[in-house]
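Here's a quick tour of one protein chain. Have a look at the sequence and the fold, then work through the points below.

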Amino acid sequence: MTGAIVGDLVEGDRVEVTVGAPAHGGHCVARLGGPHGRVIFVRHALPGERVTAEITELHRGYLRADAVEIHEPSPDRVTPPCPYAHPGGCGGCDLQHASGEAQLRWKADVVREQLVRLAGLDPEGIFVRVEPLPAKDPLLGWRTRVRYAIDAAGRPGLLQHRSHQVVPIDRCRIAHPAIQDLDVLAHDWPDMDAVQTVASTGGDVAVLGRPSGTAGPAHGDDLGEAPEGGSLIRLAGPAEVTERAAGRAWRIPPQGFWQVHPQAADTLVTAVLEMLRPAAGETTWDLYGGAGLFAAAIAERTGARMTVVESSPAGVAAARANLAGLPHLDIVEARVEVALSRRRVTGPVDLVVLDPPRAGAGARVVRAVAAARPRAVAYVACDPAALARDLKTFCAEGWRVETVRAFDCFPMTQHVECVAHLTPA
């Protein structure tokens, strides 16, 4: 229920509240009228602050708002380095008003809360620390894939939070320097709905466009991967870009999926290897395998049968090209749940890597993996809520969560990458 009157409030009204703990989604929780009052999710605030919040959405069970005046600031508050990171501005960054250390604590609190509330894990047994990735600047200049939306006048920019409204900008401060150096924002794009820029870890730079009318834009709080729907056309740069990770060079199309932080791929591979400890002769399933990043790292250590399942034709083509030299490799082009239910992937299996999209693997896939009884599972997740739901299913199937590690692969945003290690109890 949006755009209506709820009680005596309407959109645009302002209320004064004391902000509580952070919640999944890039906001803090506050309550109107005391501890049992109406829930209000407040962006641009920090825990403990006293703020004036402007109502942006009204729903039956809760409200959304932006902190527009800060009366009692947190000691963790800083001036955002980007002039567009404010209420009504760009929706890409959620936490530019928080110090770097405060961002790590924020994300750790959110991951812990999701694991307790949704997965049902014992809070006494959970220790979560969000680990920063190595970088010269840990907060800015990291994003190697940036999607610019195009407004009705053909002007490029970024989207407001939960909106299709385009905010014109001069540059994106979290974008990789090679992307900031492009002149994409200096031109109008009357024939495009979106422009995607890529700066690979191998030094390639590419620009792609989605022609007008092929698909609607996403909201302004996405992770910046290639636009969904419609066909991308190459406007500048090579037809394939080189990414370097796990001691290998990877050739992938610029519109193909790859981690957006330059250090994320190596960081996640290292975490998965440390958790699984693959040994010679162990068989593996790499589910939602993409170009085969985890498959390559594990297969080099096991020398045994490796099955990669990927539904994207571009991902399958990249995996076949990049993993061509590995023996005992089977690449299955199918949705993971279909491949498992139709026995296109068969056991016995020793190790499983799950790296699903943001929605998670889902109960059907989790139960199939659990039934295969591998020695260990490494679950890589970009959404802690989806991870927690799937961990609950694993636990219901008799599995144990050994550890959960979290990594700050998306500084300045509310997003966090997690890797969970599971074993059969």
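Strand E11 (residues 192–199) and strand E12 (residues 205–211) run antiparallel, joined by 7 bridges. Strands (E, at least two residues) and helices (H or I, at least four) are DSSP runs numbered from the N terminus, and two strands count as paired if DSSP finds at least two bridges between them. Keep in mind that this is a predicted model, where local features need pLDDT of at least 70, side-chain atom pairs count only at pLDDT 80 or more, and totals for chains, interfaces and linings use all residues. Residues are numbered from 1 along each chain as its sequence is written, and side-chain values use heavy atoms, with hydrogens and water left out.

**Around strand E11**

- Ala199 has Val205 in E12 as its bridge partner.
- E11 and E12 make a hairpin with 5 residues between them, and Gly203 in the turn has a positive phi of about 100°.
- How many residues of E11 are buried? The count is 8 of its 8, where buried means under 20% relative accessible area, exposed means over 50% and partly exposed is in between (1.4 Å probe, protein chains only).
- In a regular strand, side chains alternate between the two faces of the sheet.

**The TRAM stretch**

- UniProt (unreviewed entry) puts the feature "domain: TRAM" at residues 8–69; UniProt positions follow the numbering used here, feature names are shortened, and annotations may be inferred rather than shown by experiment.
- Over residues 8–69 the chain is 58% strand and 0% helix, with its end C-alpha atoms 21 Å apart.
- Strand E1 (residues 14–18) runs antiparallel to strand E5 (residues 50–58), with 5 bridges joining them, and Val17 stands opposite Val51 in E5.
- E5 pairs with strand E6 (residues 62–72) too, antiparallel over 8 bridges, and Thr52 sits opposite Glu69 in E6.
- The hairpin from E5 to E6 goes through 3 residues.

**Helix H3**

- Helix H3 (residues 264–276) has 13 residues and spans 18 Å from first C-alpha to last, close to the expected 18 Å; that expected span is 1.5 Å times one less than the number of residues.
- H3 is mostly covered, with 10 of its 13 residues buried, among them Leu268, Val272 and Met275.
- An α-helix has 3.6 residues a turn, so residues three or four places apart point the same way.
- What covers the buried residues of H3? The cover includes helix H4 and strands E14, E19, E20, E21 and E22.

**The annotated binding site**

- UniProt's "binding site" annotation (unreviewed entry) covers Gln259, Tyr288, Glu310 and Asp355.
- Tyr288 sits in the loop between strand E16 (284–287) and helix H4 (293–302), and Tyr288 is buried, with a relative accessible area of 17%.
- Not counting residues up to four places away in sequence, Tyr288 touches residues including Glu310, Asp355 and Val365 (contact means heavy atoms within 4.5 Å).
- A polar atom of the Glu310 side chain lies 2.8 Å from the backbone nitrogen of Gly290.

Conventions:
A polar contact is a pair of N or O atoms within 3.5 Å; within protein, one must be able to donate a hydrogen and the other to accept it, and residues adjacent in sequence count only if both atoms are side-chain atoms.
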